Amino acid sequence: MTTLLHIDASPRAERSLTRTLSASFIDSWQRIHPDDQVIRRDIGLQPPPALTEAWIAAAFTAPEARTPAQHDILGLSDTLISELERADVVVIGTPMHNYGMPTALKAWVDHVIRIGRTFSFDLERGDFPLRPILSGKHLALLTSAGEFGFEPGGARESMNHLDTHIRAIQHYLGIAQTHHVAIEYQEFGDQRHKQSVDDALAAIDPTVRTITSQLSLAA
């Protein structure tokens with residue numbers, strides 16, 4: 001049985017395009033694999049808090065030396081990491097905000113990329129002391145942007161700090177392969193936007209089949 005971690009990062013509830021994409025992905029997956037488990041985490045409506053000095057101190061204290069208060073501080077982080085550990089497929093629906101991650105998604109990333117849990121640190125490794133602990137997961141990254149041309153070679157490639165950021169840190173999330181479906185032109189609201197939405201929705205089923213096939217080959 002495959003476990004999916006379904007994350008929505010949009011602060012919008014009713015009008016969110018990325019929520020539409022992620023719901024379509026989960027529906028498509030469950031039509032094929034109705035017995036698979038889905039872990040739901042809505043960080044858009046219930047965002048994790050920003051990290052604090054106390055959180056950092058707790059994370060960098062050895063587990064056996066932490067105070068009860070420090071264990072409490074890391075409680076949400078422990079829960080979020082446990083959800084990620086259990087997942088074979090991570091499904092993230094997220095808008096682009098100011099050319100990067102929404103605040104809630106960045107907070108989630110900061111809570112789950114944690115020393116001793118999702119990466120190890122050893123100066124014996126020289127200039128690359130960090131090493132991922134998790135591995136083998138697939139990421140379905142479902143995004144929406146107000147403008148267009150954020151793909152490699154596009155007019156706004158250099159302004160894309162959303163999916164490029166996620167790809168930069170994905171190995172610390174245990175992601176081995178990313179499958180990206182994107183909606184663009186949202187602020188224009190013209191035929192190009194409608195076509196982009198239609199194309200993205202049409203890409204969901206093939207993306208689900210691709211991930212399903214690759215998981216079967218790896219089994």
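# Loop, rings and a helix crossing

Reader: Where is Asn98?

Author: Asn98 sits in the loop between strand E3 (89–95) and helix H5 (103–112). Helices (H or I, at least four residues) and strands (E, at least two) are DSSP runs, numbered from the N terminus.

Reader: What kind of model is this?

Author: This is a predicted model, where local features need pLDDT of at least 70 and side-chain atom pairs count only at pLDDT 80 or more, while totals for chains, interfaces and linings use all residues. Residues are numbered from 1 along each chain as its sequence is written, and side-chain values use heavy atoms, with hydrogens and water left out.

Reader: Back to Asn98. Is phi positive or negative there?

Author: Positive, about 50°, although Asn98 is not a glycine. Most residues other than glycine have a negative phi.

Reader: Is Asn98 buried or exposed?

Author: Asn98 is exposed, with a relative accessible area of 77%. The cut-offs are under 20% for buried, over 50% for exposed and partly exposed in between (1.4 Å probe, protein chains only).

Reader: What about phi of Tyr99?

Author: Phi of Tyr99 is also positive, near 70°. Tyr99 lies in the loop between E3 and H5 too. Tyr99 is partly exposed, at 29% relative accessible area.

Reader: New topic. How many aromatic pairs?

Author: Six. In one of them, the rings of Phe25 and Trp29 have centres 6.0 Å apart and planes at 25°, so the pair is stacked. Rings of Phe, Tyr and Trp (its six-membered ring) pair with centres within 6.5 Å; planes under 30 degrees apart are stacked, over 60 edge-to-face, the rest tilted.

Reader: Why are Phe25 and Trp29 about one helical turn apart?

Author: Because they are four residues apart in helix H1 (residues 17–32). Both Phe25 and Trp29 are buried.

Reader: Which residues form an aromatic cluster?

Author: Phe148, Tyr185 and Phe188 form one. The charged end of Arg156 sits over the ring of Phe148, 4.7 Å from its centre. The charged end of Arg192 sits over the ring of Phe188, 5.0 Å from its centre. That takes NZ of Lys or CZ of Arg within 6 Å of the ring centre and within 35 degrees of the ring normal.

Reader: At what angle do H1 and helix H7 cross?

Author: Roughly 35°, and the axes of H1 and H7 (residues 191–218) come within 10 Å. Axes are lines fitted to C-alpha atoms over the stretch in contact, with angles from 0 to 180 degrees between N-to-C directions.

Reader: Which residues make the contact?

Author: Among them are Phe25 and Trp29 of H1, and Val197 and Ile204 of H7. Contact means heavy atoms within 4.5 Å.
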